[in-house]
Amino acid sequence: MDTKEKEFINGFKTYLSVERNFSEHTLSAYYSDIVSFILWLDGTSCVNADFNKLREYLHFIQRFEYKKTTIARKTASIRTFYKYLYRERYIDTNPAVSLSAPKKPKSLPKFLTTDEIEKILNNIKIETPAGFRNRVIVELLWATGMRVSELSSLNFGDLNIEENEIKVFGKGAKERIVLISDRAKQYLQQYIKTARHLLAPGYDIGEISESSPVFINSTGYRLQNNTIRKAIHDVVEKIELPKKVTPHVFRHSFATHLIENGADLRVVQELLGHAGISNTQIYTHISMKRMQDVYEQAHPHAE
């Protein structure tokens, strides 16, 4: 780093401290960001770096898997630095005016195999009312692809058990019908008939009406999303499944298995409640990726 670069950095540091009144923590972070950037330039003067060079640097730091907030701050540091250089007339044009952090490519949703799902289901202790309720919940998440918030919001008026249908209110209160398997139906019926009444001993949960919550906690109130998440986490931890499993993973698994078994993309879109087909198409990528993995493992000339 030459004398001129050091002058730019020290002037920038003073600007941040005196004129922008940055805290010591933020000042230190911005200073470190710019030093790292100039060192990366490796002899190219910062006043000669154009927009493409700045973008190249941002793509370079993506490989270090910083958090999104860190990438955003490093981008802001560079934008503020070049704003300072332009204001002080060290440069004629500001190459960072339209600079933004590059978007990371979307990662494919995580999903479970059928065997993994069955292992989770079979390890939920159903001897207690709460355990039986949890089994029913996981059965429904897997059978319907519902979001956890949609499931916890279910009222008895939303159930059409005889027809294997449940009415769901998704994002933006958009209504749709999801279908349930015969096995999930049987578990749900048994829960309503026996386990639900035993969940809140000592509490008056009242008579079931159309507005009554389907799933309740030990005090008779509507079951919360976090309780469902914890129940799933506990059983996954117990069986030492080497995957992070959340309620949403069952939604991804539901969609993935439908696509793999030939379901029409539009049907899957309707069942998931996606506003556009593009959100559903991600599951075709998963299916193709699995196909490639199987091919590479099974074909002798794949590699």
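In this predicted model, the glutamate E56 counts as partly exposed, because its relative accessibility of 42% falls between the 20% below which a residue is called buried and the 50% above which a residue is called exposed. E56 takes part in a salt bridge with K53, in which the closest N and O atoms are 3.8 Å apart, a separation that lies within the 4 Å required for such a pair. Both E56 and K53 belong to helix α3, where they are three residues apart, or about one turn of the helix. K53 is likewise partly exposed, since its relative accessible area is 25%.

Helix α3, which covers residues 51-62, also contains F51. With a relative accessibility of 31%, F51 counts as partly exposed. When neighbours within four places in sequence are left aside, F51 is in contact with P95, S98 and L99. For one of these residues, L99, the separation along the chain from F51 is 48 residues, whereas the distance in space between the two C-alpha atoms is 7.5 Å.

Side chains of opposite charge can pair when their charged atoms come close. Across the whole structure, a search finds 13 salt bridges. One of the salt bridges is formed by R87 and E19, whose closest N and O atoms are 2.6 Å apart. Because R87 lies in helix α4 (residues 68-87) and E19 in helix α1 (residues 3-19), this pair ties together parts that are 68 residues apart in sequence. R87 itself counts as partly exposed, as its relative accessibility is 42%.

Since K74 lies in helix α4 and D33 in helix α2 (residues 24-41), the pair ties together parts that are 41 residues apart in sequence. K74 and D33 are both buried, which means that each has a relative accessible area under 20%.

Beyond these individual pairs, salt bridges also link several residues into a network, which is made up of E118, R135, E139 and R183.

Terms used. Residues are numbered from 1 along each chain as its sequence is written. This is a predicted model: local features need pLDDT of at least 70, side-chain atom pairs count only at pLDDT 80 or more; totals for chains, interfaces and linings use all residues. Side-chain values use heavy atoms; hydrogens and water are left out. Helices (H or I, at least four residues) and strands (E, at least two) are DSSP runs, numbered from the N terminus. Buried means under 20% relative accessible area, exposed over 50%, partly exposed in between (1.4 Å probe, protein chains only). Contact means heavy atoms within 4.5 Å. A salt bridge is a side-chain nitrogen of Lys or Arg within 4 Å of a carboxyl oxygen of Asp or Glu.
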